[in-house]
Every structure is written in structure tokens, then in C-alpha cells.
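I opened my notebook beside this model and jotted down what I looked up. Here are the entries, in the order I made them.

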Amino acid sequence: MHRSGTSVVSRMLSLLGAHLGPERSTMAPAADNPKGYWEHSGLVDINNAILSRFGGTWDNPPDFPEGWPTSPQVQEFRQRAQEIIKGDFSDTPLWSWKDPRCSVTLPFWQQVMPSMSYVVCVRNPVSVSRSLERRDGFSMHKSAALWLKYTASAVRYTSGKRRLLVFYEDVMQNWEVELDRLATFVGTRASISEASVREIREFLEPELYHHRNKVLTAVDEPQLSLPAKSLYLLLLQARHSTIPDRLGDEI
């Protein structure tokens with residue numbers, strides 16, 4: 001889900017040796033993300049085009065029809081994605097890319113790249129909602145519904161796959177442990193440099209950690225639906241799993 005620490009985690013992955021694409025393709029920082037989005041603009045454009053093709057946007061994702069990931073409606077996007085991946089990543093042994101929209105478009109990308117590992121970023125839905133209220137003026141009801149849609153989709157589409165759950169709160173409170181988990185997951189734990197550790201420490205400035213809310217804030221929030229509360233608590237219990245699991249099959 002947007003505002004869940006995906007930019008921070010992507011930057012950590014890049015400092016662990018994961019190539020994020022050429023500099024010319026990286027989205028520029030903005031006021032709401034002053035240290036950068038760390039997104040490949042071409043891949044983000046494809047996601048936006050997919051959402052638009054089916055009548056949606058990032059904050060109003062569509063209800064995709066049966067069989068849409070392999071339909072003629074997305075053939076042009078599939079070709080474009082393959083061209084970008086071949087041009088920007090084919091010579092790189094370890095690469096990564098990030099876009100929160102993938103939470104809802106992932107079935108398309110799984111057709112393009114069947115073999116993937118996943119880092120699923122999670123944040124307290126109340127914190128996400130307050131961040132979106134500040135940035136976009138969204139109501140708590142709208143933001144909470146978006147959090148549930150994105151998070152449930154990400155969990156469901158990666159069920160049974162190799163994935164790592166990373167909580168934004170854990171990164172901001174104990175980034176050394178989360179860095180080690182990420183490094184172990186991508187297989188670069190033995191090669192973490194002091195320079196990378198130093199840069200991550202500087203990157204994670206405490207003042208960027210807004211909207212801190214405890215778990216009970218989500219439990220007690222009346223505008224947060226029972227399914228959203230239940231999913232959040234379930235993910236908290238599963239947060240340290242690094243092996244394929246079936247969490248998401250029933251979501």
C-alpha cells in the first residue's frame with residue numbers, strides 16, 4: 001500500500017546491491033517523498049496504463065475481469081514491459097523494482113516474470129490513512145478501504161511464493177535488524193559494506209517518521225473495518241516468516 005515505507009525499503013535493497021534501473025528512469029523526489037521514490041518510471045507508467053485501461057486509478061482500483069492478465073487488452077503493455085526489463089535489467093544478476101500499484105496489478109507481472117521473490121511492505125492502516133489525509137485529503141474511510149484492498153491483494157497474490165513481510169514501524173525503530181533480514185532474503189548478507197550501513201543510517205532520518213501509531217490504535221479505530229483489523233493483526237503474527245506460506249489463500 002502507498003505510504004507504507006516502500007521507498008525506504010527499496011532504497012535499502014539498492015544499497016544491498018539490488019539494481020533499480022538506470023538513473024534516467026528513476027522518478028525524481030517530491031515534497032511528499034524528499035529522499036526519492038526509487039521507482040522505475042517506465043514500469044509505473046505501465047501500471048497506470050493498466051489501471052486506466054480497465055477504468056480505474058491508483059486510488060480507485062478497478063474490478064478486473066476474469067482472465068485479464070493474459071487478455072488482448074494488455075498485450076501492448078506486456079510487450080512494453082518485456083522491452084524495459086530486457087533493456088534495463090537483463091545484464092544485472094540482482095535487480096528489484098517497486099510500485100505500490102503492483103499490489104493490485106501483480107497477476108499481470110507474474111505473467112511477464114513468472115519467477116520472482118517478493119518483499120511486502122506493511123504499515124499500521126491508521127498511520128497510512130493519516131498520511132494520505134495529509135497528502136491527498138482522503139477521508140479515513142477511503143484510505144482504510146484502500147489499505148485493505150492493496151494489502152489483501154498483495155498477500156493473496158504472493159501466497160505460496162517466496163516472500164518477506166517488512167513492517168515500516170520495525171524499519172524505523174530497529175533498522176539494523178530489518179537490514180539484516182533483507183540482506184539474508186536477497187542473499188547479500190555477507191557483503192554488506194560499512195558505506196552502505198552508514199548511508200542507510202543517514203537515510204533513515206527520525207524526522208521522516210510521521211504518524212506513529214501503536215497496534216491498539218488500529219484495533220480501537222471505529223472507521224477501520226473488521227476485515228482490515230483482522231488482516232493487520234494476522235500479518236503482525238506472520239511478520240518474521242521468510243519461507244513460502246499459504247497466508248492469503250482465504251483472503
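**Entry: Arg53 and its partner.** I began with Arg53, which counts as partly exposed because its relative accessibility is 35%. On the scale I used, buried means under 20% relative accessible area, exposed means over 50%, and partly exposed lies in between (1.4 Å probe, protein chains only). The side chain of Arg53 meets that of Glu76 in a salt bridge, at 3.0 Å from N to O. This pair links distant parts of the chain, with Glu76 in helix H3 and Arg53 in helix H2, 23 residues apart. Glu76 has 40% relative accessibility, so Glu76 counts as partly exposed. My salt bridges need a side-chain nitrogen of Lys or Arg within 4 Å of a carboxyl oxygen of Asp or Glu. Helices (H or I, at least four residues) and strands (E, at least two) are DSSP runs, numbered from the N terminus.

**Entry: ground rules.** I am working on a predicted model, so local features need pLDDT of at least 70 and side-chain atom pairs count only at pLDDT 80 or more, while totals for chains, interfaces and linings use all residues. Residues are numbered from 1 along each chain as its sequence is written, and side-chain values use heavy atoms, with hydrogens and water left out.

**Entry: other salt bridges.** How many salt bridges does a search of the whole structure find? I noted nine. One of them joins Glu199 to Arg11, with the closest N and O atoms 2.2 Å apart. Here too distant parts of the chain are linked: Glu199 sits in helix H9 (residues 194-203) and Arg11 in helix H1, 188 residues apart. Are the two partners buried or exposed, I wondered? Glu199 counts as partly exposed because its relative accessibility is 34%, whereas Arg11, at 14%, counts as buried.

I then turned to Arg24, which forms a salt bridge with Asp88, the closest N and O atoms being 3.0 Å apart. Arg24 is in the loop between H1 and helix H2 (41-53), and Asp88 is in helix H3 (residues 75-89), so I had another link between distant parts of the chain, 64 residues apart. Arg24 counts as exposed because its relative accessibility is 64%. Asp88 counts as buried, at 12%.

**Entry: the fold.** Read along the sequence, the pattern is α-α-α-α-β-α-α-β-α-α-α-α-α. Of the 251 residues, 51% count as buried.

**Entry: the largest pocket.** What lines the largest pocket? I found 31 residues in the lining, of which Ser96, Trp97, Ser117, Tyr118 and Val119 lie nearest the centre. The space in this pocket is about 810 Å³. For my own record, a pocket is an open set of points on a 1 Å grid over the protein atoms alone, where a 1.4 Å probe fits, with protein on both sides within 12 Å along at least five of seven lines; lining residues have an atom within 4 Å of a point. The volume is the space filled by probe spheres set on the points, which are joined across faces, edges and corners.

Which element gives the most to this lining? I noted S1, with five residues. Helix H1 (6-15), helix H4 (102-112), strand S1 (118-122), helix H6 (140-157) and helix H8 (175-186) each supply at least two. By class, I read 20 nonpolar, eight polar and three charged residues in the lining. In that tally Ala, Val, Leu, Ile, Met, Phe, Trp, Tyr, Cys and Pro are nonpolar, Asp, Glu, Lys and Arg are charged, and the others, Gly among them, are polar.

Entry: In helix H1 I looked up Ser7, which counts as buried because its relative accessibility is 7%. In helix H8 I picked Glu176, which counts as partly exposed because its relative accessibility is 43%. From C-alpha to C-alpha, Glu176 and Arg201 are 8.8 Å apart in space, and 25 residues apart in sequence.

**Entry: one backbone angle.** I also stopped at Arg3, in the segment before H1. Phi of Arg3 is near 65°, a positive value in a residue other than glycine. Most residues other than glycine have a negative phi.
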